[in-house]
Amino acid sequence: MAFRKAVKGTLIGGGAVAAAFGLSQLFEYRKNQPKWAQLAHVEAQGELKVPFKDALPTREEQLSTLKNTEEFDVLVVGGGATGSGCALDAITRNLKTALVERSDFSSGTSSRSTKLIHGGVRYLQKAIMKLDYEQYMMVKEALHERANLLEIAPHLSAPLPIMLPVYKWWQLPYYWAGIKMYDLVAGTYCLKSSYVLSKSKALELFPMLKKDKLVGAIVYYDGQHNDSRMNLAIALTAARHGAAIANYTEVMHLLKKADPKTGKETVCGARCRDVVTGHEFDVRAKCVINATGPFTDSLRKMDDQKTAKICQPSAGVHIVIPGYYSPDNMGLLDPATSDGRVIFFLPWEKMTIAGTTDTPTEVTAHPIPMEEDINFILSEVRNYLSPDVEVRRGDVLAAWSGIRPLVTDPNSKDTQSICRNHVVNISDSGLITIAGGKWTTYRSMAEETLDAAVKAHNLIAGPSRTVGLMLEGGKDWTPTLYIRLVQDYGLENEVAQHLAATYGGRAFEVAKMARVTGKRWPIVGKRLVSEFPYIESEVQYAIKEYACTAIDVIARRTRLGFLNVQAADEGLPRIVEIMGKELQWSEQKKKEELEAAKQFLYMEMGYKARSEQLSKTTISSLTLGEVQRYKKRFYKFDKDSKGFITTLDVQQVLEKLGIQIDENALHEILSEVDLNKNGQVELDEFLQLMTAVQRGQISDSRLAILMKTAEEGLDLRGPVSVDRSGGGV
């Protein structure tokens, strides 16, 4: 009885506090929201000029503009979400704007996020528990930005329900009060109201959830998006409005000029290098904005070698596992892992994404997911899933690491304190630095940065106009747009849905470029790999979106490399072939692109960690009976007892069964297991493979499945009887 009263008191008390707090915030919002924000999208459509509405300038034309413009108002360095946001904010204030990025747009942190557009449930918890006003304001700002981002890019983003399973009775009112507070702080920007589920209803919606001790669950809503495509949409929108943007354009050093009266030096541009051609040129600007994320301190050092570092890099690893691990439209939040970190478990692009870790790291352009981080995530996932669901290491289809640019405020006396929010800093020479923050708040960070730049450099500009400003593809998108693609072009339903969700209103341009398949259906749209809806014309369109390398296509224009490294590896030759034709690459250049992309998959997308699972496996865990069984299977292919098998051996067995497989495909299948890369699979390598399969370290080996199927086929055939063979009398 006492326990029930305590729970009831917590529910009523927590709810009352949350309600009162939420109402106060609602009144505050209605009182303080500027009228221009409510009508921003009307102003954007009516007043802003779009010089490149129909066709974007080519990369060569953009570079020409950068080289030949006497002086820009603003030069943004960094093509991530924040840098692209700064460029869009600047150009829509009628400031002459340039942006340079030394790699590809969204090549760093902005493409390696948890794919959530969120206010931060855990930050709100800290704000309440520690009475931290800064944390609270960060959540409040993020919830406003969440609503805006869902509105301006509806094709790339959508609300996502996230379940918080509860395994102790006392946690139910505690979590309920916290989640309701999250809703109420959002006010009118609340996506959908959170709700409580009984145990049976929770299992109905999330059947793979662990049943033991489950009390119930709470479901709340946040947003989800395709992060690199969103980043690209921001950059392309800036380009359409007239910003000169160029990827693969590296800043070599900052340009400075001295005041003739005072002798004080101020930053006035940058010496840049086209990474593709090696050509160097100057870009002059009244104001330079440093939006380089984890590389913030590198550009600050170019300005002043003595300046203190402010970036505190932290690595976050995510993994992708098959879609059957989660429902199609329900995520999962583990609010307190074994070491206090938060783990998300989310459906994304018909797969399941799990992460993230939070580990101090060194700044690098090529972060690598570590095996211990992958295993930590898998271990935490096992804690929440039913024992019926075997969480195997071999089910990890891809893994990546992203570097969060946490910062310390250079103006703070306590230089050791890390600021979870963002920092806008102006150096003595006038370099504007925007650092820290989170994906969701990129727009408000950009607005604050441009406000500071306009004030510090006396630029003539109006207020920010990016609230409600539709991003690339968003204006003409509707939920049923994909139906027109199917009807007008004869695309597969899945492909049409993918194109509509990726390119929005621009999907028709991709469809027009699609080649006829020669089949009855689909009429157009040949896939790059069979199990994913990416089609060949997307590679051609990617070049129009400033893709310069095969990595740009598999990682950021499509998301194939982030979803399945083996599928990406399989599609690479065709991608390189198409790009080579469009960009007139030599055979040597094609070879270099293919190798670079394979190295990217191997090191940065988890292929290395996957391969090491096989190479480090020993056969000692196999029983004598298992060894004999696998040897028997091996020798069905190794007829001559050579001790190894080749593509020819496998082909001969398959031909007996009437199975036809392309020789190149067979070569790829064997190369996955060929550890010493000598063109053949030895018996020891095969036994290592079967051990790894048995342990769950490798789950989708094509060779293992192919040989098992072939063995079963041969056994079913059995010996041919005399009368059936034609030898009887």
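The notes that follow are grouped by topic.

This is a predicted model, in which local features need pLDDT of at least 70 and side-chain atom pairs count only at pLDDT 80 or more, while totals for chains, interfaces and linings use all residues. Residues are numbered from 1 along each chain as its sequence is written, and side-chain values use heavy atoms, with hydrogens and water left out.

**Ser-113**
- Ser-113 sits in the loop between β2 (97-100) and β3 (116-117), strands being DSSP runs of E with at least two residues, numbered from the N terminus.
- Because its relative accessible area is 14%, Ser-113 counts as buried (buried is under 20%, exposed over 50%, partly exposed in between, with a 1.4 Å probe and protein chains only).
- The side chain of Ser-113 makes a polar contact with the side chain of Asp-227 at 2.7 Å, and a polar atom of the Ser-113 side chain lies 3.0 Å from the backbone nitrogen of Lys-115. A polar contact is a pair of N or O atoms within 3.5 Å; within protein, one must be able to donate a hydrogen and the other to accept it, and residues adjacent in sequence count only if both atoms are side-chain atoms.
- Leaving aside neighbours within four places in sequence, Ser-113 is in contact (heavy atoms within 4.5 Å) with residues including His-225, His-318 and Trp-439.

**Helix α23**
- The buried residues of α23 include Val-627, Tyr-630, Phe-634 and Phe-637.

**Tyr-174**
- Tyr-174 is placed in helix α8 (residues 171-186), and it counts as partly exposed because its relative accessibility is 33%.

Note on methods:
Helix = DSSP H or I, 4+ residues; strand = E, 2+ residues; numbered from the N terminus.
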